[in-house]
Amino acid sequence: MRIRFRFRWIPFVATVLLVALGVSLGQWQDRRAAQKMALEAKLAAGNAAAPLALGARALAPEAVELRRVAVTGQFVPGWALYLDNRPYQGRAGFYLLMPFRIEGSNMHVLVERGWLPRNTAQRERLPDYTTPAGTVTIQGIARLNAGHVMQLGSAPPLRPNAIVQNADVAQVSAASGLALQGFVIEQTGAGAEAGGALVRDWPAPALGVEKHRGYAFQWYALALMALLFFVFTGFRRGTN
């Protein structure tokens with residue numbers, strides 16, 4: 001029995017396209033994994049470093065992202081915002097977002113002070129907590145934003161003590177007229193200054209490095225299977 005390979009253009013072109021697609025998407029997933037690994041290293045380095053003291057000078061958000069920071073000043077309770085749809089351990093609740101005026105300046109920074117439970121019976125009723133008066137020093141982790149959840153329809157205008165789905169720095173600055181740093185502080189430490197009401201058990205960033213590696217393997221496997229299928233079927237169909 002003589003075995004020979006029969007070359008056919010249509011299967012060849014289809015194989016080339018599948019191999020190119022699989023390799024391209026596999027490389028893209030590899031790059032995503034590398035980015036997440038770099039972010040993981042940045043997070044570890046930020047946690048290990050001494051807290052960065054914030055002042056009046058505006059800082060580039062990317063330069064302080066995931067850094068531990070410390071800032072002295074006063075909270076601005078008149079512009080508190082309640083970020084809705086932030087559950088904690090299966091309970092509905094808010095993240096409390098509040099401007100913080102940096103001591104000796106007109107510069108502010110937004111602080112996520114912690115999680116508060118929502119009154120499920122009276123959904124518009126705001127939870128009780130206290131805000132420290134006077135000058136205090138707080139610490140936390142710098143984040144690019146306060147997190148985002150899905151929003152249906154258009155967002156209402158921001159106003160003091162509003163319950164909202166999302167609020168970024170630019171929106172709060174425009175609505176309040178406050179000069180704000182371009183990032184948000186995720187406050188750490190016990191919530192004792194708020195009567196113990198605030199929970200600061202922040203979720204760790206979902207980096208998903210292994211997920212991207214798994215996807216990359218699947219795409220590379222698809223490319224290999226397409227190539228092997230072309231070769232094996234070519235030999236089989238060329239058999240006399």
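**Salt bridges**

I found Asp84, Arg118 and Glu124 linked in a network of salt bridges (a side-chain nitrogen of Lys or Arg within 4 Å of a carboxyl oxygen of Asp or Glu). The model is predicted, so local features need pLDDT of at least 70, side-chain atom pairs count only at pLDDT 80 or more, and totals for chains, interfaces and linings use all residues. Residues are numbered from 1 along each chain as its sequence is written, and side-chain values use heavy atoms, with hydrogens and water left out.

How many salt bridges does the structure hold? I noted three.

I looked at Arg118 with Asp84, where the closest N and O atoms are 2.5 Å apart. Arg118 lies in the loop between strands S5 and S6 and Asp84 in the loop between strands S3 and S4, so the pair ties together parts 34 residues apart in sequence. Strands (E, at least two residues) and helices (H or I, at least four) are DSSP runs, numbered from the N terminus.

I then checked Arg118 with Glu124, at 3.7 Å between the closest N and O atoms. Is Glu124 buried or exposed? Glu124 is exposed, at 63% relative accessible area, while Arg118 is buried at 9% (buried is under 20%, exposed over 50%, partly exposed in between; 1.4 Å probe, protein chains only).

Arg143 pairs with Glu186 at 3.2 Å. Arg143 lies in strand S6 and Glu186 in strand S8, so this pair ties together parts 43 residues apart in sequence.
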